[in-house]
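Please look over the sequence and the structure before reading on.

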Amino acid sequence: MILERKIPIGYILGKIKIDLLVVVVFSTATSLLSSYLQDLNIPVTIGAFLGTAIALILSFKLSQSYDRWWEARKIWGAIVNDSRTFVLQLKHFSKNPESALISRMAYRQMSWCYALGANLRGLKINTEEDPFLEELERQLLKDRIHIPLALLDNHSADLNTLHREDQLNDFQQVQIDSTLLRLCASMGKAERIKNTSFPKTYRLTLHLFIYIFLVMLSFSLTELTGFIEIPLLVFISVPFFLLEKIALNIQDPFENRPTDTAMTSIARTIERNIRELLKEEDIPEPLKPEKFYMQ
Amino acid sequence: MILERKIPIGYILGKIKIDLLVVVVFSTATSLLSSYLQDLNIPVTIGAFLGTAIALILSFKLSQSYDRWWEARKIWGAIVNDSRTFVLQLKHFSKNPESALISRMAYRQMSWCYALGANLRGLKINTEEDPFLEELERQLLKDRIHIPLALLDNHSADLNTLHREDQLNDFQQVQIDSTLLRLCASMGKAERIKNTSFPKTYRLTLHLFIYIFLVMLSFSLTELTGFIEIPLLVFISVPFFLLEKIALNIQDPFENRPTDTAMTSIARTIERNIRELLKEEDIPEPLKPEKFYMQ
Amino acid sequence: MILERKIPIGYILGKIKIDLLVVVVFSTATSLLSSYLQDLNIPVTIGAFLGTAIALILSFKLSQSYDRWWEARKIWGAIVNDSRTFVLQLKHFSKNPESALISRMAYRQMSWCYALGANLRGLKINTEEDPFLEELERQLLKDRIHIPLALLDNHSADLNTLHREDQLNDFQQVQIDSTLLRLCASMGKAERIKNTSFPKTYRLTLHLFIYIFLVMLSFSLTELTGFIEIPLLVFISVPFFLLEKIALNIQDPFENRPTDTAMTSIARTIERNIRELLKEEDIPEPLKPEKFYMQ
Amino acid sequence: MILERKIPIGYILGKIKIDLLVVVVFSTATSLLSSYLQDLNIPVTIGAFLGTAIALILSFKLSQSYDRWWEARKIWGAIVNDSRTFVLQLKHFSKNPESALISRMAYRQMSWCYALGANLRGLKINTEEDPFLEELERQLLKDRIHIPLALLDNHSADLNTLHREDQLNDFQQVQIDSTLLRLCASMGKAERIKNTSFPKTYRLTLHLFIYIFLVMLSFSLTELTGFIEIPLLVFISVPFFLLEKIALNIQDPFENRPTDTAMTSIARTIERNIRELLKEEDIPEPLKPEKFYMQ
Amino acid sequence: MILERKIPIGYILGKIKIDLLVVVVFSTATSLLSSYLQDLNIPVTIGAFLGTAIALILSFKLSQSYDRWWEARKIWGAIVNDSRTFVLQLKHFSKNPESALISRMAYRQMSWCYALGANLRGLKINTEEDPFLEELERQLLKDRIHIPLALLDNHSADLNTLHREDQLNDFQQVQIDSTLLRLCASMGKAERIKNTSFPKTYRLTLHLFIYIFLVMLSFSLTELTGFIEIPLLVFISVPFFLLEKIALNIQDPFENRPTDTAMTSIARTIERNIRELLKEEDIPEPLKPEKFYMQ
């Protein structure tokens, strides 16, 4: 997540430098060409209406990308809520809230949050060194393919043990199972966003459209002298390219990039909340931001 | 689902080649005609504002089509979540998680996902060779009209057996029934998208509007020489036709086309997850993409 | 629901013929008038920006109408899902699934779907000849005002009987009651759309705005000769009027019109599904479309 | 709710007459002024693009206002559904459906609907003459501040009595409690809309923007003679002001105005439905509309 | 929340005075410059289409900011509903509604609402002087980091006590637990809005775009004399800057600013409702607004 800090100008310009270079090249070419071919001059109204059209389609695209980004954040918000609820329910429903099993489940929940974040980012999860899991569980997880799903599987098994050992009554088991069910749904929703690429033809058409617009505009402005036309085109193109890149970045919020949903930081918040609910003393600090963004 | 791979240019142009041909024909006609009839020249502002108007209406249409496409993906995401939850609940609620009945239900769930995908695509479902079902069930399904509904019927019957045999308590039966209920709702939602065509008059009006715009624009540009006007019109029309076709394609995501929701691939993911939860050893690979899309 | 079939051109033009006539009349008048009064000539930019503005407001209106139409379809989709779930639950929860009571309730559910459709369309419901109800129930329904609500009342009474006769346990009664509750909510949601007219002043202002735009445009185009101006205005006005009429039609989807939600066809689907779940042999065919639409 | 009837033109024009007067005044002033100061003439494109911009922002504002209006109607639709469900559940869950307590609760539900409507409209509720309540309850309500909440409090107490007297089992009490909970949520949602004013600075900026646009436009049109410019400006301004006023009216749907959600009429519908479910003979007629709107 | 009262003009202009100053400076510069460099004059259509584009993107941004603001208000509306429901359930489920434990929980709920509001605004919570909590609880809360979560923890513990002491049956405990679960979710949702900054690059690009538009416009208007151009630019820029600032303000509704969600006032409403449900006599007045806004 980009923070309310100073963003390096290089970070922003780096995203559109190639596009700007292309604009400089073809606007120069147009400027030179038009001296020879008077007929190439097309009405400025054409360039202008194409600009309005592209702004329109770009706005809708940006809005759809924003919705994906915001949905991703909502999903992780739901994970925060359900993690807190899960521990509250375990603690207060159980007849023996201090039992090792309750604590093991609470710790596994912290592990699940970190593991889900890493899994979505395509990072390798090293369960063998996971500080939140017991040794036996670490070993058993080694051969599992989908670690977060395996952790939910273990949650579910432990929940059954609590019920069988009569620490939870029938109602309470089902009520906690509903919380697990929501966690499972949140995991699936995040994977849906991760695994569904925004329709590529849509995105390509938009990119093509921006170039058609800029080329038309450069032919519309040939009556201006070159040293005006070229910077003019560059300035006009900057916000269009920037908005396109922003849309492209925020639509995929689980890619290990600065614009990501701040999953590691959220997992740390959950860890802090759970440890507090377990009445621990040593609660780790919130995650520190890296320069201008939060991981 | 179109992947983030190289899309053959022929695939894209193939969708709009007829429309582009029509544009070439009438812009040539306009160009020739205008030499004779000076009066046909209409202000370029008319063409321009029509272009803005059409971009606007097209954007809304695209947004509505995108919503259908995204809703379809959400429905299949919910199927992933509820399939996982279904197996987790069966496994951990039951007093005898290794029973043949539990395993039969888990396998039937895999079958249901593939069958629902095929049903939505209008493909014939050959239940007699379904590798996930037992021989008896295969035979009984032969005469059923709506296979996925029949499979849910069998799920529901088996759930009742588990309850009658006291493997599930009253609460657990109702909790798993709620999961079946959500699967039934997801099936119905996907069928709703499949069976409800986007208002055809709306779509036709939009298509008509694009042509009115292009014709007006061609009459607005008659002061340009033909060899400029014709490519100009073609270039301007390309993004409009492309966006219209994209809207048309993504609004119907269950048609056995490259832009479909990747139902077969999702069903394979569910198969892999369920097999892992059943602690099987031989887990099939994820589905491989076909060229630039995933089925 | 309009199908993906050939729509008679007369059906479409019939909706806007009066508006087009008015446009012909006043554009002719403007054309004649402007020969005498040179001062009436206003800049074409005025007409153009009004066109953009009207396209904008029309798009939002169309989007709101589309949302009503799509919500109506979603409601009937939910009715499909809950009807299937209702019969599945009755069949598999009950200790005596073959009982006459279960079958009576399943048949009443088919009746409810047809009755709700007819009620929304304002058609008279002849309960005395309802093939899905028993003779006694037919008689008792004669004096009821709100037939679908009365049918739910009977559902609820029968559900209570099943519980009292110990065919359903406490959990199962409440679980099926939740299904009835959702059916009751779907009925109320459809009635809400039916009984809430779209803000009329909004619609009238939009209609007025289209005319102000066309009049302004006709005064902007007086420098063109009449035989160009008149068809030009007519062509430009066609998509605007068509989109307005489409919005008007789809916003009220329960009016016994071709653009209606296909309630009769959906009720037939439900009938077919329920009969299949009851293992009947003679399952009626799906509803045939009427020309270009489905009732 | 404005009905599909003839709306008095005075009602509509009354809303914008002051704004129109201001437009006449300043367009006359501009017209006179421009004869003296040639320099005041600004390009018509400026006025036109401002008009497009204002149409855009107005459309979004209108869409947000419409969403509030539609949400208000949805809330009252939910109240209809939950009122019906509440009575159905009471009637069919209870072991003694004819008991006075059940009937008292059903009558209180009618009272609650009328009281909530009046409360939202800021009208005084005279509980002492409430025909739906028993004498004792009327007296007890006299000192309560929030009448609808007090009625829910009594509902909840009576529900507890039914449970204590063993007329409802544990499941049924909780199931009906969930219905009360939804009614309580609907009440709170309606109060949220009532008590949250639309951001006033947003609204004022929009109003200011319309005036800036019209002033710019009047300066753009100074080359037209005054007797054209003044009516032209008035005509162009009419739809903008009307749309602004419509947005303003529908965004606050509980203000005792013609554009209100038809709460009294909906409460009457609920009364009719409940009386029918209670098998009463004398069911009151639906509410008659007042001229062009329904209260 | 800004009220429907007179807003000091200084409050509004204060937000955009720096931006307006910048506009005055560069439009003066442009005006002077253009006398020397005739070539700098660019077509007014360029400025106009950029204005339309920026209005478009601004509208979408405003709509997204409005959605955050409205979601924040919805969350607090849900807190009102669940607080009322919580007390109703405690009062009427419990076998001993007058017990000190019930009253302690009701008071803690008032405390929770104020504490959550203060926490979201980043204010220090002084639990030691909290008038709603008992002395012991005040002391125990001193070392807790997340006060509202700690209060929910205590709620949950007390709920368990009620169940263990047999004041609530199994069903009722789970039903009230669901209410707590929703309160926990509302808390998390508000924190999500608080902790997720709107994509900063998006906002910066928009700001940059407004400036590019105004600079282009100033170069488009150089044919006007300076004393017209400068106020013209200022007037045109006012609504754009105002709308941008409004979007910026309403997107972060928990910042101790006049545009905040009126959390203190809502918490007071909840306090009044709960006290009335507890049948107290001395009910505090609703919160008084501060000048033109409600805290």
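At the start of α6(A), which residue has a side-chain oxygen that reaches to the backbone nitrogen of F171(A)? The residue is N169(A), whose side-chain oxygen comes within 3.0 Å of that nitrogen. Keep in mind that this is a predicted model, in which local features need pLDDT of at least 70 and side-chain atom pairs count only at pLDDT 80 or more, while totals for chains, interfaces and linings use all residues. Residues are numbered from 1 along each chain as its sequence is written, chains are lettered from A and ligands numbered from 1 in the order in which they are written, and side-chain values use heavy atoms, with hydrogens and water left out.

The helix itself, α6 of chain A, covers residues 170-195; helices here are DSSP runs of H or I with at least four residues, numbered from the N terminus. From its first C-alpha to its last, α6(A) reaches 37 Å, close to the 38 Å expected for its 26 residues at 1.5 Å a residue, where the expected span is 1.5 Å times one less than the number of residues. Because 20 of those 26 residues are buried, α6(A) is largely enclosed by the rest of the structure (buried means under 20% relative accessible area, with a 1.4 Å probe and protein chains only).

Turn next to chain E and chain A, where 57 residues of chain E are in contact with 60 residues of chain A, contact meaning heavy atoms within 4.5 Å. Between chain E and chain A about 5,300 Å² is buried, and carbon and sulfur atoms give 70% of this area, which is the accessible area (1.4 Å probe) that two parts lose on being put together, summed over both. The rule finds four salt bridges across this interface, each being a side-chain nitrogen of Lys or Arg within 4 Å of a carboxyl oxygen of Asp or Glu. D153(E) and K279(A) meet in a salt bridge, at 3.9 Å from N to O.

Chain E also touches chain D, with 59 residues of chain E in contact with 57 residues of chain D. Across the interface of chain E and chain D the rule finds five salt bridges; D153(D) forms a salt bridge with K91(E), with the closest N and O atoms 2.8 Å apart. On the side of chain E that touches chain D, α2(E) gives the most, with 24 residues.

Chain B and chain E, by contrast, do not touch, their nearest C-alpha atoms being 11 Å apart.

Methods
Helices (H or I, at least four residues) and strands (E, at least two) are DSSP runs, numbered from the N terminus. Buried means under 20% relative accessible area, exposed over 50%, partly exposed in between (1.4 Å probe, protein chains only). A polar contact is a pair of N or O atoms within 3.5 Å; within protein, one must be able to donate a hydrogen and the other to accept it, and residues adjacent in sequence count only if both atoms are side-chain atoms.
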